[in-house]
Amino acid sequence: MSQLLDNLNPEQLAAVTLPPQHALILAGAGSGKTRVLTTRIAWLIQSGFCSPQGILAVTFTNKAAKEMVTRLSAMFPINTRGMWIGTFHGLCNRFLRAHHRDAGLPQLFQILDSGDQLASIKRLLKTLNVDDEKFPPRELQHFINGKKEAGLRPAAVEAWDDFTKRRVELYAEYEAQCQREAVVDFPELLLRSYELLQRNEPIRRHYQARFRHILVDEFQDTNVLQYRWLSLLADGGHEGGASLFCVGDDDQSIYGFRGAEIGNMRDFEREYKVSSVIRLEQNYRSHGNILDAANALIANNSKRLGKSLWTDRGAGEPIRVYEAFTDTDEARWIVEEIQSLVREGTSRANIALLYRSNAQSRVLEHQLFSSGVAYRVYGGLRFFERQEVKHALAYLRLINNPDDDTAFNRVVNFPTRGIGARSIEALVDASRVFNTPLYQTVPHLSGKPGTALAQFVMLIERLRKETASLPLYEVVAHVIEVSGLRAHYQAEKEGQERLENLDELINAAVNFSTEAGAGQLPDEPVVEMNSVLAEFLAHASLEAGDHQADPGMEAVQLMTVHAAKGLEFDVVFLSGLEEGLFPHENSAQAEDGLEEERRLMYVAVTRARHRLYLSFTQSRMLHGQVRYNLRSRFLEEIPEGLTKWLTPPSPRRSFVSEPSARYFSPNSSKQAMPSMPPPPLLRSRDLGGLSIGQNVTHARFGDGVIVAAEGSGNDARVQVKFGADAGTKWLMLAVAKLTPVSG
Ligand code: ATP
Ligand code: MG
């Protein structure tokens, strides 16, 4: 026991050994919050305050949950599977499987990830003949999820205008469709669990009696529904209910855009009459320069509960800053730097590449891949989200539950088997008439479409029979063969990687089979053997991304800053520090948007233990457009003495206040002439002495002004806005003769 507590500082020790009571640990990054929470679980059990079954611990990501279990197993030998440790979604999934009947679900219900959900909404709009320009599917998805996250069913949504009324109707239709197809989207996992606990007293009492200690990491990012779910389990702080132990950091609240409520912290203090708010101020993660940069950055925010961090680890290395010409140059430099770090002995697993937006990962991935540097992507471009993997999963889902129309639609004609759009339309029409899922509707169809569809149904029936008694990984392998997926990708020119991914799916099934099934508790309904496939499918939806690279392999880790929350790495590269990207352009519109971006930046910087690289580029290809950006204001907010520029620092002009106005794209038709002189985005030597904003004259087109530029050397091009007759044109500098005119 003493060993357990040996390395804690006095404040940490006080937090870990609080007698059972409600508590809030409010502390900055790297101060040991997660460590305190994990150690407290061990301490509670070892001191006899609680059995492992009495613990419920919530984290934000699967990765964090795994890390917690790993840390816990390292502290003392214990079957961690008896405890409920996981994400909100993961725990709710477990809960709903155990009580599926009371929740009004078949045991083998399937989970829709957000891509599936979008597809399902699109399909609904089509069936109902709804104009998707008036009701864009993505917006509707956002609307529905927002309502669910606020705990509102359609009947409870207040709608005053016709547009909202229609959206609420569509929300109800969508719910009916999901129920028909036995599928559950992410917010539904939570809402259903919440509703079940609320309305079913025996179940609620059972869990309230069972969980004695509820511990929540990253509490600042819980949304209203999550908080209410926790409150039900903890019996709202009443005598005899569980003790609620929450740790968080208001400076790391980064899910405001998704409805997370920093107000939960205040509500918690009030509703639970929290007497102990413990603050931790020593940072054990980062060297001084990194920590000072983080402190200086976040000091620019006005809405803070206020706290500061110190370290006794010494200043360490300066923060390295690099300015690249293009995103490709940036990626190339990062990979070269990684290679030399690895040569010097840094483990790849201790290096993280962070970025603000998922779209940035492609270029980085490409460079890493072509340089043969092993890497793994968390979130975003997830393994389980890749096309070929989703196809294979769709077959598995149909075997498991033929009523899953999303899966049906995905593979009914993939690989192609001559089932055209017309046949599908006829089928969808019939399914509305008979009010049955697509699969069950097939026998109602006659003629040629009927025959082809019936063959597809026969294929699924055959697969179900043949795989009935096979172990999971053989089921997966068999389905990949017999469905024709393997042959299809073998015939494809670029199919090699896809085939590897399909093989990796079989590997995932092997790993899953050996891990599954060991965690059953005596008081939980026994999950039947034939539901291993269903569990695997749920796992695929929930843990997307965790199996994409060989887990044993040391790999550089790529992820968005959001996904990096709670994690730490020896070396962190943060790329794309450009206005419009980070802070993100959307932040300009949201209230508190910029402050949330800054908190995100604070999260990014505080992930680094020893070395931090910050980079930005003059131009970047994103979503098919070249963008020219100013470097991020966040770079300016880091005191000069803490940084070391690897490229000569260029002056940053600041003359526009809104981030969204700060960049423009040469391909955008809406692009207006900047009303003020644009920044010197490309170095003038790259443009043969010219710069953006410069007035020029051309022999044929007359006078104009340079508004954009790209490429370098012989490929350098500029976009020039000429008079009304000539309009705006892209010109190759090597060919076009442009003469500067003094403005
Ligand atoms: P974040 O806000 O980023 O989630 P955190 O507050 O949860 O950070 P931890 O991840 O728990 O911080 O701890 C940061 C690092 O400091 C970890 O490597 C942890 O093991 C280490 N650490 C925490 N407390 C101590 C201590 N008393 N002595 C030595 N190392 C410590
Ligand atoms: Mg933490």
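1. Pro583 sits in the loop that runs between strand S13 (569–574) and helix H25 (593–605). In this predicted model, a cis peptide bond links Phe582 to Pro583, with omega at about 10°.

2. A cis peptide bond also joins Phe414 and Pro415, and omega there is about -5°. Pro415 belongs to the loop between helix H17 (405–411) and helix H18 (421–434). For background, most peptide bonds are trans, and most residues other than glycine have a negative phi.

3. Ala182 has a positive phi, near 55°, although Ala182 is not a glycine. Its place is the loop between H8 and strand S5 (183–185).

4. The domain assignment divides the protein chain into domain 1 (3–86 + 200–282), domain 2 (110–181), domain 3 (319–382 + 548–645), domain 4 (384–518) and domain 5 (694–740). Note that domain 1 and domain 3 are each written as two stretches of the chain.

5. Where does ligand 1 lie? Residues of both domain 1 and domain 3 contribute to the shell around ligand 1, so the ligand lies between these domains. The shell holds 19 residues, and the closest are Gly32, Lys33, Thr34, Arg35 and Tyr284. Helix H3 (residues 33–46) gives the most to this shell, with 3 residues. Sorted by class, the shell has 10 polar, 5 charged and 4 nonpolar residues.

6. Domain 2 touches domain 4: 10 residues of domain 2 are in contact with 11 residues of domain 4. On the domain 2 side, the elements giving two or more residues are strand S4 (110–112), H6 and helix H8 (162–181). Of these, H6 gives the most, with 6 residues. By class, this side of domain 2 has 4 charged, 4 polar and 2 nonpolar residues. The centres of the two domains, taken over C-alpha atoms, are 26 Å apart.

7. H6 also packs against another helix. Helix H6 (residues 114–127) and helix H7 (residues 137–149) meet at an angle of about 115°, and their axes are 9 Å apart. H6 is therefore roughly perpendicular to H7. The crossing of the two helices is right-handed. From H6, the contact uses Gln117, Leu118, Ile121, Lys122 and Leu125, while H7 supplies Pro137, Arg138, Leu140 and Gln141. By class, the contact of H6 with H7 has 5 nonpolar, 2 polar and 2 charged residues.

Notes
Residues are numbered from 1 along each chain as its sequence is written. Chains are lettered from A and ligands numbered from 1 in the order in which they are written. This is a predicted model: local features need pLDDT of at least 70, side-chain atom pairs count only at pLDDT 80 or more; totals for chains, interfaces and linings use all residues. Axes are lines fitted to C-alpha atoms, for helices over the stretch in contact, and angles run from 0 to 180 degrees between N-to-C directions. Helices (H or I, at least four residues) and strands (E, at least two) are DSSP runs, numbered from the N terminus. Angles under 35 degrees count as roughly parallel, over 145 as roughly antiparallel, 65 to 115 as roughly perpendicular and the rest as oblique. A crossing is left-handed if the near helix is turned anticlockwise from the far one by less than a right angle, and right-handed if clockwise. Two residues are in contact if their C-beta atoms, placed from the backbone, lie within 7 Å. Ala, Val, Leu, Ile, Met, Phe, Trp, Tyr, Cys and Pro count as nonpolar, Asp, Glu, Lys and Arg as charged, and the others, Gly among them, as polar. A residue is near a molecule or strand if its C-beta atom, placed from the backbone, lies within 6 Å of it. Domain bounds come from an automatic or database domain assignment.
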